[in-house]
Amino acid sequence: MAYRSAAALHTLLLLPLALAAQNAGEWRTYGNDGAYTHYTPLDQIDASNVADLEIVWRWNGRNYGPNPFTQTETTPLMIDGILYATAGMTRTVIAIDPGTGETLWTWRMDEEDRMGNAPRANSGRGVSYWEDAAGNGRIVVVTPGYHMAALDAKTGYPIETFGEHGIVDLMAGHRSRDGIDMVGSIGASSPASVVGDVIVVGSAHHVGMRPPSKTNTPGDIRGFDAATGELIWTFKTIPEPGELGVDTWENDSWSYTGNAAAWAGISYDTETGIVYVPTEAATGDWYGGHRHGINLFSTSLVALDSKTGERVWHFQTIHHDIWDWDNPAPPVLADLTIDGAERKIVAMITKQGFVFVFDRLTGEPIWPIEERAVPASDVEGEWTSPTQPFPTKPAPFDRQGFSEDDLIDFTPEIKARAMEVASAYRMGPIYTPPSLNNDPDGTRGTLSLPSSTGGANWEGGVLDPETGFLYIGSATNPSVLALVPGGDRSDMDYIAGGGRASLAPGVSIVKPPWGRITAIDLTTGEHAWMMANGDTRPSVAERLELDLADLPRTGKSSRAGLMVTKTLLFAGEGRSGDPIFRAHDKATGEIIARLELPNTQGGLPMSYMHEGRQYVLIAVGGGGQPAEIVAFALPAGE
């Protein structure tokens, strides 16, 4: 299809943002709308009956190898009476009966070496959906080996007219670097975003703590024709000569540096066609001595025209990221009344505990964002930005920086033990840089809150469009930012070393809560409530030699996966939590119901109506057991 035709159809198929979640009880995209609210207006299940929910079916991934025990992160879609999800390391696409859990069809691609070398060999977080003008539906999946497949939604057969017999090789035509094999350097975990007739695809790379080289594949963002699979546009997150931002890569570091990808989901405004791209740090995660400068467009929120790939606006949330604080989640969109005016906003939830809120059309901050001075690095060869952006609202949703005040202090003796552990490391405010693990000053790295995995991560947050409340699950657990020479492991001067700061296994040196849910009113920028997510484990009391009854509710060092409905907030305890699923009062956080799961939470919850019955689904797994999708509903007849 020609570009002009694709653009014209794209415009015709756009829907207003407010209608995105109103799909007759379906769940048609990963976030249930392009705004990634994870909101459903369904209310058959409410505070009066949620405690009566029971498991009505379980879909088991035991036979979906090569490792059926891989913990799943999938969130199913529900479209036209069929559920669609992914399973196993091969990212098999499965179609499921929404009322019984019966498998209707499956599809997987034999990727051979590309699967074996994939940087993200996992189940993925789900699939995407596109429908042509005649109503023919397609399921779109990005595989671990970085292919994109389009499948007939009813049968699972590849669409012959899409790419080559239903497959687009996403490595073909992608920018590469001399000496770097594309196979094994790039893949994906998050579903593609389908905006009108354009499929927007990001990528994911190997974890960049100890990269073998400063040279790596860049994480370009690309748009493909949804009907044919033809490449329409490319946006370079690491610019080249003549392009905006190339001067932020000193010493021609743009020519070899990689990453700066969007491994999280990409949200979009169905009314304007603008996509909101959250990017990660450039190579490597904790050392940027080979890429001096602020490094646009790494660790940024970039708004692009989905029809052309043209930049609309951008904001860099960290200049020269050396903390691995990628933008980890899809930006959340909303239409809200703020200070008496109707505003179209986008909220970027970050690992470092900030929420940056902008006018999504112009990029202007809703509340002032200040550039403030931050500590400089003393690591040889490193470059640090003298300032970083700080939102004035909302306040951080998790603790930032590290001081003695952050140490666990249930008793004076426990505080003294924590101080002894912490004394081996540097401490300081947020954006205190990594340091050597064998520094001349006697320290072994820098203690950092939040950790390099957040704060928030891919679970992101959910938004109630009726109230403007944004709910975020986060973890409070420090990282030890310690650097060691690259030596024979890397051509980089320094890479991440090791280090862990704890009092005992499962007991952090920082005071709880170790996992929390925070509610932020985005109409005012103020916090509404915060609560620990998860009860205190008996092992914590045992290892601290305390009585469990004397301890506060600590939460788990894990991130809640959330969903918000017309009446309730649903929350699991995340991958490191217990197999518990709770329903909360949205306004106060009060726990209304506590439901047992057969395993720990893996994916984000979703909900749909089928034959007059509301279902709530959640993927679980881990602990040596096959991944499952678990369906809750009210007892028949209730």
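# A chat about the predicted model

Colleague: Where is the place of valine 480 in this structure?

Modeller: This is a predicted model, and in it valine 480 has its place in strand β28, which covers residues 479-485.

Colleague: Is valine 480 buried or exposed?

Modeller: Valine 480 counts as buried, because its relative accessibility is 4% and the cut-off for buried is under 20%.

Colleague: Which residues is valine 480 in contact with, leaving aside its neighbours within four places in sequence?

Modeller: Valine 480 is in contact with a list of residues that includes Trp286, Tyr425, Arg444 and Gly445, and Gly498, Gly499, Arg500 and Ala501 are also among them. As for methionine 109, valine 480 is 371 residues apart from it in sequence and 40 Å apart from it in space, taken from C-alpha to C-alpha.

Colleague: What about glycine 561, where is its place?

Modeller: Glycine 561 sits in the loop between α4 and β34, the latter being residues 562-565, and at 1% relative accessibility glycine 561 counts as buried. Not counting residues up to four places away in sequence, glycine 561 touches Phe570, Ala571, Gly572, Gln601, Leu604 and Pro605. Glycine 561 and tryptophan 458 are 103 residues apart in sequence, while their C-alpha atoms are 9.3 Å apart in space.

Colleague: Changing topic, how many salt bridges does the structure hold?

Modeller: The structure holds 34 salt bridges. One of them joins glutamate 271 and lysine 344, whose closest N and O atoms are 3.3 Å apart. This pair links distant parts of the chain, with glutamate 271 in the loop between β15 and β16 and lysine 344 in strand β20, 73 residues apart.

Colleague: Is glutamate 271 exposed or only partly exposed?

Modeller: Glutamate 271 counts as partly exposed, because its relative accessibility is 45%, and lysine 344 also counts as partly exposed, at 28%.

Colleague: Which side chain does lysine 351 meet in a salt bridge?

Modeller: Lysine 351 meets the side chain of aspartate 326, at 3.7 Å from N to O, and both residues are buried.

Colleague: And which one does arginine 516 meet?

Modeller: The side chain of arginine 516 meets that of aspartate 398 in a salt bridge of 3.7 Å, N to O. Arginine 516 lies in strand β32 and aspartate 398 in the loop between β23 and α3, so the pair ties together parts that are 118 residues apart in sequence. Arginine 516 and aspartate 398 are buried.

Colleague: Since α3 came up, which of its residues are buried?

Modeller: The buried residues of α3 are Ile414, Ala418 and Ala422. They lie on the same side of α3, because they cover an arc of only 75° around the axis. The face turned away from that buried side carries the exposed residues Pro412, Glu413 and Glu420.

Colleague: What covers the buried residues of α3?

Modeller: The cover includes β25, residues 446-448, as well as β30, residues 502-504, and α4, residues 538-544.

Colleague: Last one: where is glutamate 26 found?

Modeller: Glutamate 26 is found in the loop between α1, residues 3-13, and β1, residues 39-40, and glutamate 26 is buried, with a relative accessible area of 12%. Its side chain is joined to that of arginine 28 by a polar contact of 2.5 Å, and a polar atom of the glutamate 26 side chain lies 2.7 Å from the backbone nitrogen of aspartate 80. Leaving aside neighbours within four places in sequence, glutamate 26 is in contact with Asn32, Met78, Ile79, Asp80, Gly81 and Ser607.

Methods:
Residues are numbered from 1 along each chain as its sequence is written. This is a predicted model: local features need pLDDT of at least 70, side-chain atom pairs count only at pLDDT 80 or more; totals for chains, interfaces and linings use all residues. Side-chain values use heavy atoms; hydrogens and water are left out. A salt bridge is a side-chain nitrogen of Lys or Arg within 4 Å of a carboxyl oxygen of Asp or Glu. Helices (H or I, at least four residues) and strands (E, at least two) are DSSP runs, numbered from the N terminus. Buried means under 20% relative accessible area, exposed over 50%, partly exposed in between (1.4 Å probe, protein chains only). A polar contact is a pair of N or O atoms within 3.5 Å; within protein, one must be able to donate a hydrogen and the other to accept it, and residues adjacent in sequence count only if both atoms are side-chain atoms. Contact means heavy atoms within 4.5 Å. The arc is that of the directions from the helix axis to the C-beta atoms.
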